[in-house]
Amino acid sequence: TFFHDNNLKTRRNLRGQIERRNLEINSDFLAAFRSVKESLDEIHSNVQGMSDSCKSMQVRLEKSKIQTQELMTKTTELQNESTKLALQKDLSERMRQKLSLTNKEVQELKGGADKHRIGSEFFTVLEKVNRIHSECKIMLAAGHQTTGLSVMERMEELKELAI
């Protein structure tokens, strides 16, 4: 306690002492909460920084996601195109094998090693030329006029060469 004697002088000073004591307590209270406020301000600043970082990462992640989707779409398109081209290549290769003669077969039609002898190989190649010619008619009916006519013309040339 800060009140000891009950006399006129102490009673007059009592109010001033109470107010000083009250100011002192409030000052101590403010000093204690000032450090709490500074800690909370620092925490708020850190949380705000983390929030800004998260927003920045979210924007970059969204951009990355869009780029990845575009890349995946392009990759899928290219894979489909590659598959299509591989099929076309395979089809072209098979068509070339089926609709053309080997160098050996062409030589056989020209007369082979001995131009005056005609053997079974000659007739086999001539049959193949006729078969290719017939298959070209099917190609023409299917709408492949350029290819069909070109192959038919080549087979006609080879028939004339053989005769």
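Predicted model: local features only at pLDDT ≥ 70, side-chain atom pairs only at ≥ 80, totals over all residues.
1. Local features are used here at pLDDT of at least 70 and side-chain atom pairs only at pLDDT 80 or more, whereas totals for chains, interfaces and linings use all residues. Residues are numbered from 1 along each chain as its sequence is written, and side-chain values use heavy atoms, with hydrogens and water left out.

2. Helix α3 covers residues 120–141, helices being DSSP runs of H or I with at least four residues, numbered from the N terminus. Its 22 residues should span 32 Å at 1.5 Å a residue, and the end C-alpha atoms are 32 Å apart, which agrees; the expected span is 1.5 Å times one less than the number of residues. Glycine 143, with a positive phi near 100 degrees, follows α3.

3. The axes of α2 and α3, lines fitted to C-alpha atoms over the stretch in contact, come within 9 Å and cross at roughly 110 degrees, which makes α2 roughly perpendicular to α3 (65 to 115 degrees). On the α2 side the contact (heavy atoms within 4.5 Å) is made by Glu105, Glu108 and Leu109, and on the α3 side by Glu121, Phe122, Val125, Leu126, Lys128 and Val129.

4. Glutamate 105, which lies in α2, is buried at a relative accessible area of 16%. Leaving aside residues up to four places away in sequence, Glutamate 105 touches Ser100, Val125 and Lys128.

Methods
Helix = DSSP H or I, 4+ residues; strand = E, 2+ residues; numbered from the N terminus. Axes fitted to C-alpha atoms, helices over the stretch in contact; angles between N-to-C directions. Parallel < 35°, antiparallel > 145°, perpendicular 65-115°, else oblique. Buried < 20%, exposed > 50% of the residue type's maximum accessible area, 1.4 Å probe, protein only.
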